[in-house]
Amino acid sequence: MKTEEKQDPGSQLIGYNAAMGQALVEEMRRDDRVFVLGQGVATGGWFGTEKGLAAEFGAERVLDTNISEAFQAGVVAGAAIAGMKPVVNMGFGDFALIAGDEIFHKLAKWRYMHGDNFPMTAVVIFPIGAMGGAGPEHSACSEVLGMHYPGLKVVVPSTAADAKGLMRAALREPNPVIFNSSQSLGWTKGQVPMDTDFIVPIGQAAIRRTGNSGSVITYGSMAPRCLEAAALLANEGIDLEVIDLRSLVPLDWNTVLTSVRRTHRGLVVHEAVRTAGAGAEIAARIQEEAFFDLEAPILRLGAKDVPLPQNARLEALCIPSVTQIAAEARRLVTL
Amino acid sequence: MYHRMAVAREIEHVMFKHTREQRFSGWWHPGEGQEAAGIGATAAMRTDDFLFYQGRGTSWAIGKGMAPGPIFGDLLGKVTGATKGKGGGVPHWADRSIGIMGEGATLGSVYPLAAGAALAAKMRKTSQVALANFGDGTAARGTFHETMVHAAAWKLPLVYFCENNGYLVGTKLRSVCPTENIADFAAGYHIPGVIVDGQDALAVYDASATAFERARDGGGPTLIEAKVVRRHGHWAGDPQLYRDTDTELRNYRDPLDVLRASMEPAAADALDAKAMAEVRGAYEAAIAAPEPEESVIWQYLYYEN
């Protein structure tokens, strides 16, 4: 009798949002507790993430809702408490604020405040950031909120492979996860492993580029821009290390601190507004733990402290560009 | 039912005395006068039905089968409490093994959670029903509407149970509500809206049993409104300057007396005595129980395998 050898299924070039959807499909096949709800998910989702789900799993597991974010997040919390593994796409991260009680009180605190210990899987997708003229109420980066309400885990993928691997990790995670998907990356493509157990562990950063001149700490939409800036600066003899955090809760402090201790300089870059963004916490923590290894202050680069204007040209001026990142990194190494 | 109601009442007495003696640092919200609602409704529930309750009194948790021990332990912040020492007045009792799922202390926040549990039951075809218990003051919440729109459309096994005592803390409901009854809202969702005498546990039981049967049979949600009387203030110590209690309580019918009328007096007396002994014993045990270790602060922030 012939034994079948397990073949490496290899990888495929697919889009970032589609890769999230691929993890959803595979986990829905594997675990009948997983289901998806949101606005327009039964017709494939606004940004293609849920394409094909309803055809395969039917209306019972792919539920369209009214425009009712508080209900959507609340029903997810209740189903998770009852042992299901719900996924909700909030449409835009901005809309998730309407469901503040359900996400930041109920999902984050329910087990803690009841002194109850049980696996509680729930994935809340926050599509975040600018997508070219979506306006001030459709473009914010609210990922820092998940860091400020203990009890949640928070991820922000920057590649299609990570979008898939982190989504699978979130669906196998016994804690609620805020899954921040970057809108500007939604249609970018990348090689994605097809192994149905491929996972990117939550809490593990990736060193995208090694270097000695300084450490750039970034995530989400700014990761590719930082890499581009690092490639520019390499021509000038500036050799940056680029760390893609991938998760904000838990945050891979070990990778961050090890890198900064070695390069002695750090720059945090994110798309969220600069004031009280994730960068504030990261910079503070680095100086607390690695102050005597530093040659320069930790710098932060984020969006201007304004609601993003709908005019796409003005919007672009608010968000760190490759040129600005490169300029800030140049400043960092000369301080 | 009478025994459980007597237990809930005795806890009220003990907590009244306890807060008066200023040994209590918490936020106790007395439930005296409203016991028939929780006791009558939970008597119609299966053990595995899902209960999401609001924070006044103890009758919902007692009715669903929680013992006084973990309740007092929680109120007094002791390790014997349902929350293992994190509590302090606003109840967060939960015991999923008997369907006590928990309480949302941002009032009126359990509507979508109960719907989520109901959805889980429907998807798993377990014939479980979820109950969302709330006060009249939170029927104006957006999630009341958002949730019932979906629950009615999807025919979720969900029961909305309103305890209408006429007051939102100190604001009279009639000054902020356009309808005479909360149950009137049901018409908009094409679901039954049932008004029941909340001082009468048997009437509450009957209305609840009908709603549960309908939900279990796939008929969808029901909105029950129990007209109840809040015997005391919103919180322990509330001077109630907003309320003419003498006039309002002139014709007050105590829910224990109402149920007692259908019983042998000796049998009721025996249950009273039994309840008193149980509750006093649980209270003394909670007083004697240790405070939690500081490490409880970090407990169950994330799942502990």
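The model scores ipTM 0.95 and pTM 0.95. I noted that this is a predicted model, in which local features need pLDDT of at least 70 and side-chain atom pairs count only at pLDDT 80 or more, while totals for chains, interfaces and linings use all residues. Residues are numbered from 1 along each chain as its sequence is written, and chains are lettered from A and ligands numbered from 1 in the order in which they are written.

I then looked up chain A, which has twelve helices and 14 strands (DSSP runs, H or I of at least four residues for helices and E of at least two for strands, numbered from the N terminus). Its C-alpha atoms fill a box of roughly 60 × 60 × 45 Å along the principal axes.

Last, I turned to helix α3 (residues 69-81) of chain A and helix α6 (residues 142-153) of chain B, whose axes come within 9 Å and cross at roughly 70° (axes are lines fitted to C-alpha atoms over the stretch in contact, with angles from 0 to 180 degrees between N-to-C directions). On the α3(A) side A:A70, A:F71 and A:G74 meet B:G142, B:T143, B:E146, B:T147 and B:H150 of α6(B), a contact being C-beta atoms, placed from the backbone, within 7 Å.

Conventions
Two residues are in contact if their C-beta atoms, placed from the backbone, lie within 7 Å.
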